[in-house]
Amino acid sequence: MSGKASAAAIFAEDRDIGPLSAIDPRVRLAAALSFLALLAVLHSAPALAAALALALAAAIYARLPLRSTLRRMTAVEGFLVFLLLTLPLTVPGPALFSLFGLPVSVEGVRRAVTIIVRVNAGVLMAAALLSTMGTMRLAGAMNGIGIPAPIAHLFQLTVRYIAVFHEEYARLRRAMRARGFRAGSNRHSWRSLGHLLGMLVVRSAERAEQVAWAMRARGFTGSFPAFVQRPLDRADHRVILLWPLVLVALAWLEFA
């Protein structure tokens, strides 16, 4: 996906469709953060299995696109494979079996499975509650639950201009290749790549200054109109009442 297409996908605010789109973004963000905070302290098999089942049910209920969801999960699983391969061999404990002469510990397998289940549950729940929200709504929700507006603005503008800076980087790389540059492990290549990085920083600073001027010219006074919050309705209050019960049930499975 090109940088322009990425930006279009990020700011496609009308893509927030499905059953969960009726819930206020502040409620969805608070629910996601509270679930992730509780998930970090879950270790028992029943609690982790329930958390994973809940996240999977939320993803199905949110009607997440199957292909993009699987692509995200595949990227996460690629990182977790390293843990699955190394933890059983490096964590001390009683051996489950031997692999090429190395003991595979029970404790290492248990930790690897715990991390994998925990990460997958977190990714699925975050995707269900937040991935279709769009950056504008997510930044507004951050401000709505008490995160300072400058941090929400910084998040919003960072996501917005990652694609722009990536396009600038791609343009500079094309210009270098057009002049016959081929990267290698030598002094000339490292010096050229350093010049590329420096030029990208200078161009980014210039673009940031231009954006700041444009925002001030349009009357920006420190807050975006999207940060104006609507009153919570009946569906929001139902989630506010029911979600703590779900979290208490998970905590009961862990600590009871």
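Predicted model: local features only at pLDDT ≥ 70, side-chain atom pairs only at ≥ 80, totals over all residues.
Where do glutamate 107 and arginine 110 both lie, and how many residues apart are they? Both lie in helix H5, three residues apart, which is about one turn of the helix, where helices (H or I, at least four residues) and strands (E, at least two) are DSSP runs numbered from the N terminus.

Residues are numbered from 1 along each chain as its sequence is written, and side-chain values use heavy atoms, with hydrogens and water left out.

Back to glutamate 107, whose side chain meets that of arginine 110 in a salt bridge at 2.7 Å, N to O; the term stands for a side-chain nitrogen of Lys or Arg within 4 Å of a carboxyl oxygen of Asp or Glu. Glutamate 107 also forms a salt bridge with arginine 111, with the closest N and O atoms 3.1 Å apart, and because these two are four residues apart in helix H5, about one helical turn separates them. Glutamate 107 is partly exposed at 24% relative accessibility, where buried means under 20% relative accessible area, exposed over 50%, and partly exposed in between (1.4 Å probe, protein chains only).

By this rule the count comes to five salt bridges, and another one of them joins the side chains of glutamate 168 and arginine 171 at 2.9 Å, N to O. Glutamate 168 is buried, at 13% relative accessible area, whereas arginine 171 is partly exposed at 40%.

Let me turn to the surface. Leu89, Leu96, Phe97, Leu99, Phe100, Leu102 and Val106 form a nonpolar patch there, with about 700 Å² of accessible area together. Patches are made of residues with over 30% relative accessible area and no salt bridge, like charges being joined within 9 Å and nonpolar side chains (Val, Leu, Ile, Met, Phe, Trp, Tyr) within 5 Å; the areas come from the Shrake-Rupley method with a 1.4 Å probe, and for residues only the protein chains shown count as cover. Strand E1 (residues 95–99) gives the patch its largest share, three residues, while valine 106 is found in helix H5 (residues 106–130).
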